[in-house]
Amino acid sequence: MDLRAWQALPICILSSAVMANEALDKRVEQLEQEVQVLRQQNQDNAWDRISFNGFYSVGINQSNNNLGYAGSSDEYDFNNLTLVGLQGDFALADSTSVTVQLVARGEDDFSPEVEWAYLKHTFDNYITVRGGKLRLPMYMYSDYLEVGYAQPWARPPEEVYSFVPFNSFVGVDGSYDFEFDNSTLTLQGFWGQSEEGGTNYDDILGANLTWVVDDFTVRAVYGQTKITVSSSNQPDAQVISEKNKSDFLGAGFSYDNGSLLVVSEVTRATVEGQYSDVDSGYLTLGYRFGKAMPYGTVAGMKTQDDDERDGQFVCLADCASGAPTLAPTSMFYNGKRSSYSLGLRYDLLSNLAVKFDATYVNGFGDTNGLLASKVAGALAGQETPDDTMVYSIVFDGVF
């Protein structure tokens, strides 16, 4: 090799190195682009697996006195019927998903609360299992308790829907649909526990059957739990022993052909000991005239074990002394009342309805109707009204 060749060798080596670096940079840039595409695809797939929906109610109610029925008073109140909810569903796979629902109520200063938070999986045999925080499926409208737009009323009948003091539980449920030629029979079982206001509800166990035939729906439910009341929860702690058993039986039907609506439920809730055993029921009739549906509801409740409280007393004060302050147990736990509602639902939009409702309540007999205001009045030796009228206007929507 002559001298000129030796002199050109470093230039060749340098040129080769530069070309190699350029190829490497180009390859790195190509890989970065591929990674970016994969990231974008993953993000797109993630967003495709997420869905959100929500609901809201904005309402006002007022009654002609302070009897306190359905949380009303003689002053108008926006908080009692106002709430907003947001639900998110994330599909982990074709048969598996996660659902979370947050609800903020006006009566709770719009502090958000998790109502639903569960993992759901449907097996190849079409059995669906959910685990987490779930809605207690006691009533026909249990899944829509917070979604006023899905209900015909301004509020569900108090005589039936207010006697189970908790609406959600933590546990599991499973359901299966039996498909027939012209109908579907759904079997659902549930198991779990709950806590509400210092009261524990353990060993919640139950099942319901829902049979849908054309425009008819027929439903039956049974549930039980064991109740333990905090000692600070008086006077309930005096009439409920630790883990007293409670049973719930319910049946209902609805008919809705798009014009005529008929809905009815009857329930029986019992608790061991001197706590109230309550029978209740309601019947709603409605008819749609285009966007308007006037409706009427008759509801009632009555305790069935008043004789167990005859001659029984609970302690109100100075319980450890020789001269405690006592009150008849019947004052707290005997109850009877009826309600009559007339209302109008008008669909303003495909996802927004306004409802006007007037509910008259009477028929307390010689009881306090299981209303706290009447009990307080009786303890104070004051007369309380024998009836009340509650007026409500509420806008219910979904999005």
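**A buried charged pair and its surroundings**

Analyst: Let's start with two side chains that are both hidden: Glu115 is buried, and Arg135 is buried too. Please keep in mind that this is a predicted model. Glu115 and Arg135 form a salt bridge, with 3.3 Å between their closest N and O atoms. This pair links distant parts of the chain, since Glu115 sits in strand S4 (residues 112-122) and Arg135 in strand S5 (residues 128-135), 20 residues apart.

How many salt bridges does the structure hold? There are 14 salt bridges in the structure. Another one joins Arg309 to Asp305, and here the closest N and O atoms are 2.8 Å apart. Arg309 and Asp305 are both buried.

A further salt bridge brings together the side chains of Asp347 and Arg345, at 3.0 Å from N to O. Is Arg345 buried or exposed? Arg345 has 11% relative accessibility, so it counts as buried. Asp347, in turn, counts as partly exposed because its relative accessibility is 23%. Coming back to our opening pair, salt bridges with shared partners join Arg105, Glu113, Glu115, Arg135 and Glu146 into one network.

Now for a link of another kind. The structure holds one disulfide, and the cysteines it joins are Cys315 and Cys319, with an S to S distance of 2.0 Å. Why is this disulfide called left-handed? The torsion about the S-S bond of Cys315 and Cys319 is about -110°, and therefore the disulfide is left-handed. As for how covered the two cysteines are, Cys315 counts as buried because its relative accessibility is 12%. Cys319 has 49% relative accessibility, so it counts as partly exposed; the cut-off for exposed is over 50%.

Strand S7 (residues 183-196) and strand S8 (residues 199-213) run antiparallel and are joined by 13 bridges. To find your place in this pairing, look for Thr186, which stands opposite Thr210 in S8. The hairpin of S7 and S8 has two residues between the strands, and in this hairpin Gly197 takes a positive phi near 55°.

S8 also pairs with strand S9 (residues 216-229), in the antiparallel sense and over 13 bridges. Which residue in S9 is the bridge partner of Leu205? The partner is Gln224. The hairpin of S8 and S9 has two residues between the strands, and there Asp214 takes a positive phi near 50°.

Finally, let's visit a helix. Which residues of helix H5 (residues 372-379) are buried? Lys374, Val375 and Gly377 are buried in H5. They cover an arc of only 160° around the axis, so they lie on the same side of H5. The buried residues of H5 pack against helix H4 (330-333). After H5 comes Gly381, with a positive phi near 75°.

Terms used. Residues are numbered from 1 along each chain as its sequence is written. This is a predicted model: local features need pLDDT of at least 70, side-chain atom pairs count only at pLDDT 80 or more; totals for chains, interfaces and linings use all residues. Side-chain values use heavy atoms; hydrogens and water are left out. A disulfide is a pair of cysteine sulfur atoms within 2.5 Å. Buried means under 20% relative accessible area, exposed over 50%, partly exposed in between (1.4 Å probe, protein chains only). Two strands pair if DSSP finds at least two bridges between them. Helices (H or I, at least four residues) and strands (E, at least two) are DSSP runs, numbered from the N terminus. A salt bridge is a side-chain nitrogen of Lys or Arg within 4 Å of a carboxyl oxygen of Asp or Glu. The arc is that of the directions from the helix axis to the C-beta atoms. Contact means heavy atoms within 4.5 Å.
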